[in-house]
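Reader: Could you take me through this one slowly? I would like to start with the charged pairs and then move on from there.

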There are 2 protein chains.
Amino acid sequence: MNYFSSNFKLGILGGGQLGKMLLYNTRKFDIHTSVLEPSADAPCKIACNEFHIGDLMDYETVVNFGKDVDVLTFEIENVNVDALETLEKRGIKVFPSSRNLRVIQNKATQKLFYRDHEIPTSAFSRFAYLSEIEDAIENGGLEFPFVWKAAQFGYDGNGVKVVKHLSDLEGLPNGECIAEELVNFKNELAVIVARNEVGEVKTYPVVEMEFHAEANQVEYVICPARIDDEIAEKAQNVALKVSKAFNHVGLLAVEMFQTHDGDVLVNEVAPRPHNSGHQTIEASYTSQFEQHLRAILNLPLGRTDSKVGGIMVNLVGAEGHHGNVVYQNIETIMNMDGVTPHIYGKKNTRPFRKMGHVTIVNEDLNKARRIAAEVKKAIKVISE
Amino acid sequence: MNYFSSNFKLGILGGGQLGKMLLYNTRKFDIHTSVLEPSADAPCKIACNEFHIGDLMDYETVVNFGKDVDVLTFEIENVNVDALETLEKRGIKVFPSSRNLRVIQNKATQKLFYRDHEIPTSAFSRFAYLSEIEDAIENGGLEFPFVWKAAQFGYDGNGVKVVKHLSDLEGLPNGECIAEELVNFKNELAVIVARNEVGEVKTYPVVEMEFHAEANQVEYVICPARIDDEIAEKAQNVALKVSKAFNHVGLLAVEMFQTHDGDVLVNEVAPRPHNSGHQTIEASYTSQFEQHLRAILNLPLGRTDSKVGGIMVNLVGAEGHHGNVVYQNIETIMNMDGVTPHIYGKKNTRPFRKMGHVTIVNEDLNKARRIAAEVKKAIKVISE
């Protein structure tokens with residue numbers, strides 16, 4: 001299969017910002033792309049060769065879309081996995097595989113997978129219904145505090161809640177869920193592992209998610225993480241162990257906690273380009289998007305080391321603002337050293353919606369971190 | 001004017017590879033774009049918001065296209081300049097300006113412009129017809145060797161010929177032309193100058209075009225140029241003097257000769273992103289395409305220094321090959337350190353047609369140069 005021929009077609013499920021950034025690279029390599037996406041004005045509506053509107057959770061829609069492509073990938077995990085399995089049986093290359101997606105889609109299954117593969121992760125219990133959690137608390141089988149997670153269809157912080165009192169459970173959906181030990185972590189880390197079909201594996205440097213102390217929100221992704229070499233090596237090894245267990249093709253972003261005791265625990269994974277790798281566009285020899293493409297097309301992987309230090313700041317909708325988006329003070333931040341805004345192209349903002357991100361690169365990571373703080377202070381995603 | 005609003009529209013004349021690479025950045029900033037281009041399957045046919053097919057040299061076509069945009073730019077100089085002037089009078093911002101384009105479009109006018117502004121350039125004579133050159137030779141007013149250049153519509157080496165004998169003039173078009181002193185140069189250098197509407201100016205590092213000794217073709221663009229600091233400073237100053245004379249908005253790529261005596265002479269300019277700046281995508285803090293966009297939208301300019309050393313190799317069609325293009329050994333070069341191919345997406349190759357380029361980046365420029373030689377040896381642009 002010649003990926004650089006006009007007969008080859010790459011299918012992408014989902015037409016959001018990750019798909020959009022992937023398309024920069026399919027354009028660079030002149031690879032023919034077809035996107036399936038439910039929203040008619042999604043970020044990917046241009047730059048792909050074909051744009052199809054359809055429901056990613058509908059079996060027939062996904063099979064009909066996927067049967068005409070040579071390789072199928074996705075930018076979001078909420079897709080019909082039975083359809084992927086059908087396509088695999090028909091000989092379509094689907095990366096990541098339906099087998100891996102089934103494990104990852106369900107957080108309970110994902111946790112059991114780590115336990116089965118002796119991958120360090122926090123303690124947890126699985127429940128078929130929310131009401132079973134209440135029973136467990138009453139029986140003394142579960143103690144506060146813990147983290148409730150919906151087993152399925154969580155995204156960007158939805159479907160996750162820290163539970164300190166019985167009342168915190170009120171209003172949560174009554175479906176399959178897990179109760180996880182609340183890890184009092186020192187750092188949240190991530191490593192992106194790339195693997196192609198012939199089994200070549202490369203890891204990106206460990207990144208650190210710096211949290212806002214009060215809001216408990218990720219404020220900055222920092223590459224490389226400001227941690228001891230020993231912890232970095234441990235995180236790399238844990239990520240490689242997870243990669244080996246999944247035997248994936250494409251990227252695997254492994255999110256981890258560093259505990260105060262120096263342990264590294266796997267939190268969760270994403271089998272695709274990830275928010276923790278956006279700074280690779282400007283900071284790394286090979287961006288995560290180009291790397292995902294190299295991996296799923298079974299091309300040689302590119303260098304994963306960094307040219308310079310990189311920091312990523314998410315641009316999320318400000319509270320109290322709904323409607324036509326305005327990026328206030330964007331010219332101010334573009335006047336700062338090494339600052340690149342990425343505007344995803346969503347027309348409407350709403351509180352906490354991911355509308356873009358900003359990368360700050362500098363040969364001196366501490367200087368980048370100071371500029372990142374200025375960026376964060378200046379830019380506001382508001383409505384007209 | 002808010003460039004990040006959905007009401008703003010950027011027009012681009014020409015839909016080739018330069019337009020395509022510019023579109024990566026309009027996508028990144030979510031700027032609405034409209035492209036006018038004669039060929040229905042040009043590289044820009046996707047990734048712009050609107051794609052119009054039309055003749056760039058036709059007055060009415062360009063005026064009709066341009067009247068609906070807020071800012072108009074172009075990726076090729078062969079456009080109808082009267083139409084640009086009309087649009088300027090109607091209040092459309094046209095960058096580069098019609099005034100500058102008139103000077104640049106005609107190589108005789110361009111040379112006179114340098115002479116008028118005391119910018120160092122090689123000696124030349126202007127002729128209304130080719131036949132006048134023959135008269136000048138007979139009268140002793142012109143001596144061999146010299147460089148014949150058509151005054152208008154040369155592109156990528158067309159319209160330029162070294163003339164050593166009277167017979168070299170045979171078959172050349174009988175239009176306006178110049179005869180230039182043949183400069184026995186030590187190096188060919190280039191500096192890209194960016195300037196925005198409020199007059200902020202930044203220069204990229206001096207790059208060097210390394211020539212193939214026998215074929216007399218540019219083989220590599222090398223950033224930074226391997227020259228003395230003194231020459232680099234002189235080249236920067238000459239480029240800034242040219243920039244000041246043109247008072248341009250957008251990029252101005254200034255091509256220069258370094259003579260064996262250490263003089264720097266201006267050869268010609270291009271008022272747009274340029275082949276000598278492609279390595280900025282991977283090597284610089286701000287790519288030339290993002291910078292052009294920042295300049296014409298009157299945004300603050302980005303850093304122009306380099307993260308790492310960069311080398312660019314053009315991918316041109318091999319001799320003897322016409323038709324459906326194949327990039328032979330592309331996987332071989334993608335396996336080399338820091339190598340990124342850019343495939344422009346032209347369906348058909350022909351000898352010497354620019355089909356793409358390859359960038360090689362490395363913290364060690366000499367290592368990048370060695371890898372670039374391997375790239376050049378391996379990759380072949382052939383037909384099926």
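**Salt bridges and the chain interface**

Author: A:Asp305 and A:Arg303 form a salt bridge, with their closest N and O atoms 2.7 Å apart, where a salt bridge means a side-chain nitrogen of Lys or Arg within 4 Å of a carboxyl oxygen of Asp or Glu. This is a predicted model, in which local features need pLDDT of at least 70 and side-chain atom pairs count only at pLDDT 80 or more, while totals for chains, interfaces and linings use all residues. Residues are numbered from 1 along each chain as its sequence is written, chains are lettered from A and ligands numbered from 1 in the order in which they are written, and side-chain values use heavy atoms, with hydrogens and water left out.

Reader: Is A:Arg303 buried or exposed?

Author: A:Arg303 is buried, at a relative accessible area of 10%, whereas A:Asp305 is partly exposed at 32%. Here buried means under 20% relative accessible area, exposed over 50%, and partly exposed in between, computed with a 1.4 Å probe on protein chains only.

Reader: And which residue of chain B does A:Arg303 meet in a salt bridge?

Author: That is B:Glu363, whose side chain meets the one of A:Arg303 at 3.2 Å, N to O. Between chain A and chain B the count is two salt bridges, and over all chains it comes to 39.

Reader: How many residues of each chain are in contact there?

Author: 40 residues of chain A are in contact with 40 residues of chain B, contact being heavy atoms within 4.5 Å. The area buried between the two chains is about 3,900 Å², with 55% of it from carbon and sulfur atoms; buried area is the accessible area (1.4 Å probe) that two parts lose on being put together, summed over both.

Reader: Back to the salt bridges: what does A:Lys93 pair with?

Author: A:Lys93 forms a salt bridge with A:Glu197, the closest N and O atoms being 2.7 Å apart. A:Lys93 lies in strand S5 (residues 93-94) and A:Glu197 in the loop between strands S10 (185-195) and S11 (201-203) of chain A, so the pair ties together parts that are 104 residues apart in sequence. Helices (H or I, at least four residues) and strands (E, at least two) are DSSP runs, numbered from the N terminus. A:Lys93 is partly exposed at 33% relative accessibility, and A:Glu197 is also partly exposed, at 31%.

Reader: Switching topic, where does UniProt place the "binding site" feature?

Author: The unreviewed UniProt entry places this feature at several residues, among them A:Lys107, A:Lys149, A:Glu180, A:Asn267 and A:Glu268. UniProt positions are given in the numbering used here, feature names are shortened, and annotations may be inferred rather than shown by experiment.

Reader: What does A:Lys107 touch?

Author: Not counting residues up to four places away in sequence, A:Lys107 touches A:Lys149, A:Ala150, A:Ala151, A:Val160, A:Ile178 and A:Glu268. A:Lys107 lies in helix H5 (residues 107-116) of chain A and is buried, with a relative accessible area of 14%.

Reader: And where is A:Asn267?

Author: A:Asn267 is in strand S15 (residues 264-270) of chain A and counts as buried at 11% relative accessibility.
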